[in-house]
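Take a look at it first, then read on.

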Amino acid sequence: MLIALCINATWVLGLSGLLATLSFAHWQKAVAKTTWRTTLEKLALQRALAGSLLLFCLGQLLAASVLDARTAWIRVAIWAIFVLIFAGQLVLAKQPMHAQ
């Protein structure tokens, strides 16, 4: 019971972080009168989006593999791929871009 609560809390936390980040980005876009592309190019927002999506996908991966015994392997594999993608994006977003 406690494990299921923690697993479901993981993806809910990721989803709420994603919605909060997009809400903040929308506010920044309105204040600065810029486009979505310009707003989402900011490193802090990219980190927040990648971290939120990582938590969401990790929660879904855990829910698929731990909570559902009849889960098809393809569902677990797809969530695992998403976890790797967003973990990689989070690592890449932490490194500053060098001016060329």
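What follows goes from the first helix to the core, the aromatic rings and the cysteines.

This is a predicted model, in which local features need pLDDT of at least 70, side-chain atom pairs count only at pLDDT 80 or more, and totals for chains, interfaces and linings use all residues. Residues are numbered from 1 along each chain as its sequence is written, and side-chain values use heavy atoms, with hydrogens and water left out.

Let's begin with helix α1 (residues 2–32). Helices here are DSSP runs of H or I with at least four residues, numbered from the N terminus. α1 has 31 residues and spans 44 Å from its first C-alpha to its last, close to the expected 45 Å. That expected span is 1.5 Å times one less than the number of residues.

Which residues of α1 are buried? They are Ile7, Thr10, Gly14, Gly17, Leu18, Thr21, Ala25 and Gln28. "Buried" means under 20% relative accessible area, "exposed" means over 50%, and "partly exposed" is in between (1.4 Å probe, protein chains only). As background, an α-helix has 3.6 residues a turn, so residues three or four places apart point the same way.

Thr21 is worth a stop. A polar atom of the Thr21 side chain sits 2.7 Å from the backbone oxygen of Gly17. Thr21 also touches Leu45, Ala48, Leu49 and Ser52, leaving aside neighbours within four places in sequence; contact means heavy atoms within 4.5 Å.

Lys33 has a positive phi of about 55° although it is not a glycine.

Here's how a few residues compare with those accessibility cut-offs.

| Residue | Relative accessibility | Class |
|---|---|---|
| Cys6 | 44% | partly exposed |
| Trp11 | 25% | partly exposed |
| Thr21 | 10% | buried |
| Lys33 | 73% | exposed |
| Cys57 | 3% | buried |

Now for the inside. The largest nonpolar core has nine residues: Ala50, Leu54, Cys57, Leu61, Ala64, Trp79, Val83, Phe86 and Leu90. A nonpolar core is a set of buried Ala, Val, Leu, Ile, Met, Phe, Trp, Tyr and Cys residues joined through side-chain atoms within 4.5 Å. Both α3 (43–67) and α4 (73–94) supply at least two residues of this core, and α3 gives the most, with five. In soluble globular proteins, nonpolar side chains tend to be buried together.

Next, the rings. The whole structure holds five aromatic pairs. Rings of Phe, Tyr and Trp (its six-membered ring) pair if their centres lie within 6.5 Å; planes under 30 degrees apart count as stacked, over 60 as edge-to-face and the rest as tilted. Why is the pair of Trp11 and Phe56 edge-to-face? Because the planes of these two rings are at 80°, with the centres 6.1 Å apart. This pair links distant parts of the chain, with Trp11 in α1 and Phe56 in α3, 45 residues apart. Trp11, Phe56, Trp79, Phe82 and Phe86 form one aromatic cluster.

Finally, the cysteines. Cys57 touches Trp79, Phe82, Val83 and Phe86, not counting residues up to four places away in sequence. How many disulfides does the whole structure have? A search finds zero; a disulfide is a pair of cysteine sulfur atoms within 2.5 Å. The cysteine sulfur closest to that of Cys57 is in Cys6, 19 Å away, so the gap is too far for a bond.

Methods: A polar contact is a pair of N or O atoms within 3.5 Å; within protein, one must be able to donate a hydrogen and the other to accept it, and residues adjacent in sequence count only if both atoms are side-chain atoms.
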